[in-house]
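User: I'd like to learn how to read this model step by step. Can you take me through it, general idea before the particular case?

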Amino acid sequence: MRRAAIARGLSVFKRHQHAAGFPFAAATSGDGFMTDTTSLDGLVISRNGVGPFGTLIRTVSTKEGEQDEEVVVSHPVQTNAASSVGTSSSRDGESRQRFRLKETSFHAVDSEWKIEPVPTTFADGSCMISCGETVVLATVMVAATRTGSRQFRWNERYSSKVSVDYREKYYAAGRIPPPFHKREVAMRENEMRISSRIQSILQNAVISPNDIEIKISVLSADRAYDPEVVAVNAASVALATAPHIPWYGPIGAIRVVFQGNECIPSMKMGLHDESMLVVCSKDGFVHVSGQSGQGMSQKQIVKGLEVARGVIDKSLLMYQMKYSCMTRADQGQHICAAGADPAAARRMYSDVMTHVQKFFNDSPVHIYDLSKHAEEYIKPNVKEKCSHEGRWRSEQARIPGSGCATALDIEFLLGAAVEEMVKSMLSTKRCDGRKSKDILKGSFQLGSLPLSHGSSSYKAGHTMVMNAVTCASLQEQTHLEHTIHGSHSSRLSNLYSSNHHSRIDGRHSGPPLLREDMVHAAFIESAVTPALPSEDDVPFSFRTNVDVINLDGSVVSTSLNGVSSALQNIGLSLQFPVVSSTVGLSCSYSHSPARGETHVIDVDNDTGACILSDPEKHMCVTDPTGLESLFLDAELVVGGSEKRASAWRFQTLRPGKISIEMLKSMFDQSFEAQKDHKRNMAKILRGQKQKTRAKFGETAIPPSTLPKLLSDNTLQQIEETTSGKIYVRDDGVIKLFAPSIEQYTALEDAITSAAGSHLVPGRVYTAQVATIKDFGAFVTLPGSDIQALLHISEISPERIASVEDELSPGEEIQVKYLGRDHLGNLRVSKKQAYHD
């Protein structure tokens, strides 16, 4: 049964490629296996000539409309000289070719670089890059099969399955912390964040139907150069040494440091508070992420981008291109990117488009409603019409070129029709009725979580997030451990949680979204931290939590706006209102593939890199929805004030030529949206009455009382009783925080009572005898929890032999408050009260 299915599927795909006009690729590996390559679930077919991966992965259907299993077509044949003519070398041959690559040294920015080939026999690509004494090793492995793949769906953005593991071992910095094995094996938060950033950079730069795993190891770190920047360049060179992986590289990365009005490209560490990471390919910008404690204007950011682009083009990309020319030259002329069968597309596209247009014309479109409508109405109706005309086939029974359609063809055509409709509406009236520059006005409810110090539920369109803020002492602030430059304390920490249930594809199981969440959390921390009051004014740390309830585009900016509103709910006076906006970029091409059909991507014969077309025009849209985000080419998120950005992140979502002019227009529109978001948030804050709100404040006590209060844990007991936070300064000023006004009043009264600040020296009070000692007695004053010393000499005007003769425990007496001694103890006198 299995052999028959494999053979039948192989013959069908051979006919499919001949009918579509693309030659069928057959290759012979060193193991004596003939391999045939075609598309994986309709995503990528193969190079022209030799099938590089040695596998054919396709979901085979045993029954119509029913998916059975993934099959790897790989069957043994006789290996001979004739069958090897014109085929690519085996992995051993490619490895030997990499061994012949020469070491390259050059000077770039402020450091000496060295690229060394690494003789890894079993890796598909590898290299080692040195920058100063920082050494990074990168290896690339391509899986034989694509694990966990699913049938292609129109409403899910596809990108190559690239996984990146970035590791910083302690030995690289010459450290052996205890417990050594536990800390060396576990992946730290900093490593997860960098892994996710590099993964987002590379996932749209490669075209592969198989899983690609990139391992990056920091072998040596001199604490002078930034290993993250070196790691991005090392991963690019490693991919360049793997000639059978189609890609849009090479890419180069550099960091730009802002010093006053100057933008300085640098590889140095320790300057990340005012810096920007810029990643470019030969065609344009790929990734930009930066942060600034002082805030950066749009003009400064664009200037930094221009400086970085020039450095990357003249140095990093130039030397990487040499490696690409040595390993990727003469690898083929084009790549066949999959789509619907052309014969079926010509007959079906108009029917699919008619259904899509009707749905768009009826009401504002939401991705969930459209997905549901497609499953319940569009797909069944198109299938029914094809079946009625005798043109419906299952995957293994369809003959390509005959005009018969399959379920996969409908997915491609449906995606093409929706994309055409969405892009045509961007310039006029968008899917939700907004114009291209209109923000997604949010609404929020403060204090939605009664037991949290501060909270807000923020909703923008269909995206909804729940935000909570907790105030803690400075001793409780988050400590992030870095392998290379030690631990780092963060006054503001964010925990970002996006669950599968919040997504349109949440019905599919998958791994936790931990790494992606950490990148979003780091962005929120970078954007909000500069707006916090100084430690002298508010000596507390803050922990913010974001739980994504529903995700429908612009989720990071919505989450950041929610955190800002929750911080104001806690009673914190920010230095400036923190707002965030998202701007999407949509490009139109004159030679874009029509109607979702199979199309060809040209390849540069000298460098082996895929060639991108120049966009005919582009358009920016503010706060894109989830449906619009599926078809955007790039996305920019900016957080900060209305005039200056404290954090920004640009990421390509599709391979494309993103110029500096496009980025400038995105930043311009983003800052305009910041102003609208600020006005919208201020309007909502004015309209909401906050009944229960946390409070910050201060009180003052005599400095002489501090040793007494701190020695007997009185303040710690007050914190536990009132649920407040206390910070004591040396001058006797105590900073206070309480979750509510009632608790703040109780906290302030407890401190005043404990310190005795309400007592007036020279005034007579009624006190109660607590304990009797040989040298006197301790009495409790009214409104105070501490006891005052009544010395034996202050009991009576006459000399007494024993304290018990004059006083008894529980007795109420009149005493005069004398103040405090040099140790902070309260002193009273019965003798002077008698005279008064």
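User: Let's start with Ser559. Which helix does Ser559 lie in?

Analyst: Helices here are DSSP runs of H or I with at least four residues, strands are runs of E with at least two, and both are numbered from the N terminus. On that basis, Ser559 lies in helix H12. Before we go on: this is a predicted model, where local features need pLDDT of at least 70, side-chain atom pairs count only at pLDDT 80 or more, and totals for chains, interfaces and linings use all residues. Residues are numbered from 1 along each chain as its sequence is written, and side-chain values use heavy atoms, with hydrogens and water left out.

User: Is Ser559 buried or exposed?

Analyst: Buried means under 20% relative accessible area, exposed over 50%, and partly exposed in between, using a 1.4 Å probe and protein chains only. Ser559 has a relative accessible area of 0%, so it counts as buried. Across the protein chain, 56% of the 836 residues count as buried.

User: And which residues does Ser559 touch?

Analyst: Contact means heavy atoms within 4.5 Å. Not counting residues up to four places away in sequence, Ser559 touches Val465, Asn467, Tyr496, Ile524 and Val546.

User: How do I read a helix pair, say H11 and H12?

Analyst: Two packed helices are described by the angle between their axes and the distance between the axes. Axes are lines fitted to C-alpha atoms, for helices over the stretch in contact, and angles run from 0 to 180 degrees between N-to-C directions. The axes of helix H11 (residues 514–528) and H12 come within 10 Å and cross at roughly 45°. Angles under 35 degrees count as roughly parallel, over 145 as roughly antiparallel, 65 to 115 as roughly perpendicular and the rest as oblique. H11 and H12 are therefore oblique to each other. Handedness comes next: a crossing is left-handed if the near helix is turned anticlockwise from the far one by less than a right angle, and right-handed if clockwise. For H11 and H12 the crossing is right-handed.

User: Which residues make the contact of H11 with H12?

Analyst: H11 brings His520, Phe523, Ile524, Ala527 and Val528, while H12 brings Val556, Ser559, Leu560, Val563 and Leu567.

User: Now sheets, please. In what order do the five strands of the open sheet with E18 run?

Analyst: Strands of a sheet pair through backbone hydrogen bonds, either parallel or antiparallel. Two strands are taken as paired if DSSP finds at least two bridges between them. Here the order is E18-E19-E20-E24-E23, with mixed pairing. Strand E18 (442–446) and strand E23 (492–498) are at the edges with a single partner strand each, so one side of each has no neighbour in the sheet. On average, neighbouring strands of this sheet are turned by 20° against each other, direction ignored.

User: How many bridges join E20 to E24?

Analyst: Strand E20 (residues 463–473) and strand E24 (residues 540–550) run antiparallel and are joined by 10 bridges. As one example, Val469 has Thr544 in E24 as its bridge partner. H12 (residues 555–569) packs on this sheet, touching E18, strand E19 (454–460), E20, E23 and E24, and its direction makes about 145° with that of E19. Helix H14 (residues 660–687) also packs on the sheet, touching E18 and E19, with its direction at about 35° to that of E18.
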